[in-house]
Amino acid sequence: MSDPEIIATTSSIGAEIRGLDLADCSDDQLAVLQWALLEHHVVFLRGQQLDDEAHEAFARRWGDPIPNPIVAHLRGAATIGVVYNDAEHLPDRDGEGWHTDHSWASYIPDVAILRSVTAPAVGGDTMWCNIAAAHDALSPALRDLLSGLTARHDPGERFALEMRARMPAELVDELLLAFPGVDHPVITRHPVTGRPGVFVNPGYTRVINGVHPAESEVLLRILFDALAHPDHVCRFRWQEGDVAIWDEHATLHRGPNDFAPHRRELRRFTVGAAEPVAV
Ligand SMILES: [Fe+2]
């Protein structure tokens with residue numbers, strides 16, 4: 001088997017990997033893919049032929065699939081995550097803001113592996129940003145200040161509303177009690193590369209601890225702007241069969257709501273879990 005080809009999307013984040021069949025890749029090819037992920041933070045593989053079973057088998061080569069903490073609380077077992085929208089199941093009106101998956105829990109996944117089952121006729125891209133590039137763009141004085149601070153993350157009102165639309169009130173109350181929020185360092189160290197990154201996100205981070213509320217608001221605005229700066233962002237247009245793999249410790253992602261009422265279906269496994277660690 002020949003070496004896969006790696007074509008960077010931007011100099012900050014993203015790469016397309018060509019010449020690799022995820023249903024049948026060698027250990028050497030997988031190692032190249034894992035190296036490319038550390039280097040580019042999110043990688044894209046077009047036109048793969050994975051069904052749910054092959055998707056899970058590929059995910060298991062990266063580690064144990066870890067369920068979303070809500071699924072773990074309700075059912076215990078890891079299952080495939082499904083994102084489905086059409087004219088009867090419209091995407092959230094406000095779209096999905098920048099986030100690290102379930103940063104409101106004490107651990108986050110290491111890697112997410114998402115595949116397109118049905119690509120919408122228009123829109124429906126996913127975007128990722130590089131949290132280390134956002135860190136490097138801050139002044140050294142601000143980095144020093146932030147490196148000693150923590151921030152509060154919680155699931156938030158949108159989460160509660162979504163849950164209330166899907167499940168009985170008692171169960172939602174149980175989940176809100178089970179996940180009241182958690183503190184994470186504002187600047188984290190990547191578990192493999194050691195690179196510092198800005199670990200706050202507009203989806204789930206509410207407040208920076210230990211400073212006045214007005215200061216927290218200003219600091220979070222500066223950090224959210226740094227994270228979403230176009231220099232640190234890449235964007236992927238889905239076609240059926242495509243797979244995106246991203247490093248949850250190195251990126252945030254978001255999905256703009258710009259494809260309704262078209263049908264879109266994505267399926268996902270998340271693998272591994274680690275607590276975000278201070279720099
Ligand atoms: Fe997500």
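Quick housekeeping before I go on. This is a predicted model, where local features need pLDDT of at least 70 and side-chain atom pairs count only at pLDDT 80 or more, while totals for chains, interfaces and linings use all residues. Residues are numbered from 1 along each chain as its sequence is written, and side-chain values use heavy atoms, with hydrogens and water left out.

When I say helix or strand, I mean DSSP runs numbered from the N terminus: helices are H or I with at least four residues, strands are E with at least two. Buried or exposed, then, for Asp101? Asp101 is buried, at a relative accessible area of 6%, and His253 is buried too, at 4%. Buried means under 20% relative accessible area, exposed means over 50%, and partly exposed is in between, with a 1.4 Å probe and protein chains only.

Staying in that S5–S6 loop, we also find His102. Its phi is near 35°, a positive value in a residue other than glycine, and His102 counts as buried at 5% relative accessibility. His41 has a positive phi as well, near 75°. You'll find His41 in the loop between helix H1 (27–40) and strand S3 (42–45), and it counts as buried, at 6%.

Asn257 is partly exposed, with 28% relative accessible area. How far apart in space are Asn257 and Pro91? C-alpha to C-alpha they are 6.4 Å apart, although 166 residues separate them in sequence. Pro261 has its place in the S15–S16 loop too, and a cis peptide bond, omega about 5°, joins Ala260 to Pro261.

The axes of H6 (residues 156–166) and H7 (residues 169–178) come within 9 Å and cross at roughly 150°. That makes H6 roughly antiparallel to H7; the cut-offs are under 35 degrees for roughly parallel, over 145 for roughly antiparallel, 65 to 115 for roughly perpendicular, and oblique for the rest. Axes are lines fitted to C-alpha atoms, for helices over the stretch in contact, and angles run from 0 to 180 degrees between N-to-C directions. On the H6 side, Phe159, Ala160, Met163 and Arg164 meet Ala169, Val172, Asp173, Leu175 and Leu176 of H7, contact meaning heavy atoms within 4.5 Å.

The other pair is H5 (residues 140–147) and H8 (residues 213–227), with axes that come within 13 Å and cross at roughly 120°. Leu142, Leu145 and Leu146 of H5 make the contact with Leu219, Ile222 and Leu223 of H8.
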